[in-house]
Amino acid sequence: MVIGEDGLARCPWGLSVPEYVAYHDEEWGRPVHGDDALFERVCLEAFQSGLSWITILRRRENFRAAFHGFEIDAVAAFTDKDKARLLADAGIIRNRAKIEAAVTNATAAQQVRASYQGGLDALIWSYAPDPAARPAPVSTAQVAATTPESTALAKDLKKRGFRFVGPTTAHALMQACGLVNDHLAGCSAR
């Protein structure tokens, strides 16, 4: 735990840079629902792969503008012209494979919406573990990078056509969207 100037106890990363304070306190670990909102998180976690989360957080508004608010149907309709526009957009991560994955994942999300009761929201949340079975971590060393649930979620999403959704990315999604609470014991955001 670290104590901020405001006297609040936080996970150590929650005070590492100013942008993390609000993200830690107000977003990370809070339940996220809705197909488009979860699609956005899937995409941003994929873009983060191999990078620091702060890189994505600082560009999140640019991503939202570039990807039409991560509205699934809008992104699924992206053409080669849209992909070229994204590759030229210095405000986002210009990685061809990740851009292609975002468009592919939008199409996969449409298919989930059509075939899975409750859509992407219900599918992702079906992998949330029982909170009572997960004791609060006491140190960052106790925070897992993957879990059986994140491995199963990644496998299911891949089976449905999603890309850039391995077990580590799936676990980061689960942490960010409140499926698991990995705030340390004693953290004010817990």
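The model is a predicted one, in which local features need pLDDT of at least 70 and side-chain atom pairs count only at pLDDT 80 or more, while totals for chains, interfaces and linings use all residues. Residues are numbered from 1 along each chain as its sequence is written, and side-chain values use heavy atoms, with hydrogens and water left out.

**The whole chain**

Helices (H or I, at least four residues) and strands (E, at least two) are DSSP runs, numbered from the N terminus. In sequence order the elements follow the pattern β-β-α-α-α-α-α-α-α-α-α. The radius of gyration is 17 Å, close to the 16 Å that the globule rule gives for 190 residues, so the chain is as compact as a globular protein of that length. This radius is taken over C-alpha atoms, and the globule rule is 2.2 Å times the number of residues to the power 0.38.

Switch to the C-alpha trace, which spans about 50 × 35 × 25 Å along its principal axes. Of the 190 residues, 46% count as buried; buried means under 20% relative accessible area, exposed over 50%, and partly exposed in between (1.4 Å probe, protein chains only). Among contacts (heavy atoms within 4.5 Å) between residues at least 6 apart in sequence, 65% join residues at least 24 apart.

**Helices H5 and H6**

Next, select residues 80–87 for helix H5 and residues 96–115 for helix H6; their axes come within 10 Å and cross at roughly 135 degrees. That makes H5 oblique to H6. Angles under 35 degrees count as roughly parallel, over 145 as roughly antiparallel, 65 to 115 as roughly perpendicular and the rest as oblique. The axes are lines fitted to C-alpha atoms, for helices over the stretch in contact, and angles run from 0 to 180 degrees between N-to-C directions.

Show the side chains where the two helices touch: Lys83, Leu86 and Leu87 in H5 meet Arg96, Ile99, Glu100 and Val103 in H6. By class, this contact has four nonpolar, no polar and three charged residues. Ala, Val, Leu, Ile, Met, Phe, Trp, Tyr, Cys and Pro count as nonpolar, Asp, Glu, Lys and Arg as charged, and the others, Gly among them, as polar.

**Helices H8 and H9**

Now select residues 148–159 (H8) and 167–176 (H9), which pack at an angle of about 110 degrees with their axes 8 Å apart. H8 is therefore roughly perpendicular to H9. On the H8 side, Glu149, Ser150, Thr151, Leu153 and Ala154 meet Pro167, Ala170, His171, Leu173 and Met174 in H9. The contact of H8 with H9 has six nonpolar, three polar and one charged residues.

Select Phe164, in the loop between H8 and H9. Phe164 has a positive phi of about 60 degrees although it is not a glycine. Most residues other than glycine have a negative phi. With a relative accessible area of 32%, Phe164 is partly exposed.

Move on to Thr169 in helix H9, which counts as buried at 16% relative accessibility. Apart from its neighbours within four places in sequence, Thr169 is in contact with Glu45, Ala46 and Phe164.

Finish at His68, in the loop between helix H3 (53–66) and helix H4 (72–76). The phi of His68 is near 50 degrees, a positive value in a residue other than glycine, and His68 is partly exposed at 44% relative accessibility.
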